[in-house]
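Let's take a friendly walk through the strand pairings in this model, and through a helix beside them. Have the viewer ready to follow along.

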Amino acid sequence: MSDIRITNVHIHTFTADHVPRCYPHPLLVPFKVIPGLIRLMASIVRIVSERHADTLDRLYRFQQEAGATRQSQIFDQVRRHYPGNTRFVVLPMDMAPIGHGAVAKSLRAQHEELARMAEANPENVIPFATLHPDGENRVEEVRHAIETLGFRGLKLYPRLGFPPDHPVLMNEVYPMLAERNLPVMTHCSRGGVRGRGVSVAAADRFTRPEAFDPVWETFPDLRVCFAHFGGQDDWREYVEEGYDPDDPEALMRNWQRLIRHRIGIGTFPSMWTDISYTLFHFEDFVPFLRLFLTGETDEVKRLRARTLFGSDFYMTRQERLSERAVCFRLRNALGEDIFRRIAVDNPEIWLGERPDDNAALFAAP
């Protein structure tokens, strides 16, 4: 695959030192301290259920990845699955303020370690900053990451317990991004990390695609990628249950369908999405993705122009398929032209590296 320069817009290299000690629950602390307990449990469970044992095995592989002592160790693992010229947008996490205990290393330390990794791999690593806007000194930290360390965008994770139009973001962070023409990656799936005391309903309210509408009213040109294309739950609901075409609310409830609709109608030119993690359920979902991206109607052209390739490594270590397997299968399933569009051309446009060759398809905001 070395004939093109792929950009994977969604990977993680944060380690256990950046995760609160008691996340996701204090009762699981012994399993984090002694990972071998998971393998022991898997061997016992396998007597009763191979499927549940396999789940525990995958959890162990995921935990082993997160247990790396340096971000570069995790990065070295993902690079093995791609050509040497591949670029990776690396997305950190700010979990210190979410109420699950202390983290061993600060956000400043996480950013600076990521900066050193980018300096050591200048052709491969594209670092993004992050913040929880309720944390202390977070604006100063994002400014340090962008202005001093040269980070290329911002990762947001609203499920932690904040809305995208949080005053700190609106008044201090988005203006900084807009001034420098930098993009945003935001989590957009019903699964994932929640802050302590943040209900599922509140987390969904902060995470849903419509939550960014107030942001675009003030910053219409802010390029926002809604990660995971709505997430596995909404993809599975669409595939297995469908939706009532006579119910206007059904469109709003399914995030996958809503993202496609909003991009397709052409009135949200700053809206992007990526296929990270969701497409690791390959056999179930890729035929639908291929259909969504194939054709010459304006709706299809717009979606094709706003979809990005990403994987969500190392979260994907919980799945059976490897990064290499998904990348090869995806390229084969979508065809060379569409794969090149989402993995080469679109990331360069989203990152602000070159003009948008499909801008004419979209109405002015």
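In this predicted model, three strands make an open sheet with the order E1-E2-E3 and parallel pairing. Strand E1 (7-11) and strand E3 (125-127) are at the edges; each has a single partner strand, so one side of each lacks a neighbour in the sheet. On average, and with direction ignored, neighbouring strands here are turned by 25° against each other.

Strand E2 (residues 87-90) is joined to E3 by three bridges. Look there for Val 89, which stands opposite Ile 126 in E3.

Helix H4 (residues 71-79) packs on this sheet and touches E1, E2 and E3. The direction of H4 makes about 140° with that of E2. Which residues of H4 are buried? They are Gln 71, Ile 74, Phe 75 and Val 78. These residues lie on the same side of H4, because they cover an arc of only 100° around the axis.

In the pairing with E8, Val 224 has Met 271 as its bridge partner.

| Strand pair | Bridges |
|---|---|
| E2 and E3 | three bridges |

Note on methods. Residues numbered from 1 in each chain as written. Predicted model: local features only at pLDDT ≥ 70, side-chain atom pairs only at ≥ 80, totals over all residues. Heavy atoms only, no water. Pairing = 2+ DSSP bridges. Helix = DSSP H or I, 4+ residues; strand = E, 2+ residues; numbered from the N terminus. Axes fitted to C-alpha atoms, helices over the stretch in contact; angles between N-to-C directions. Contact = heavy atoms within 4.5 Å. Buried < 20%, exposed > 50% of the residue type's maximum accessible area, 1.4 Å probe, protein only. Arc of directions from axis to C-beta.
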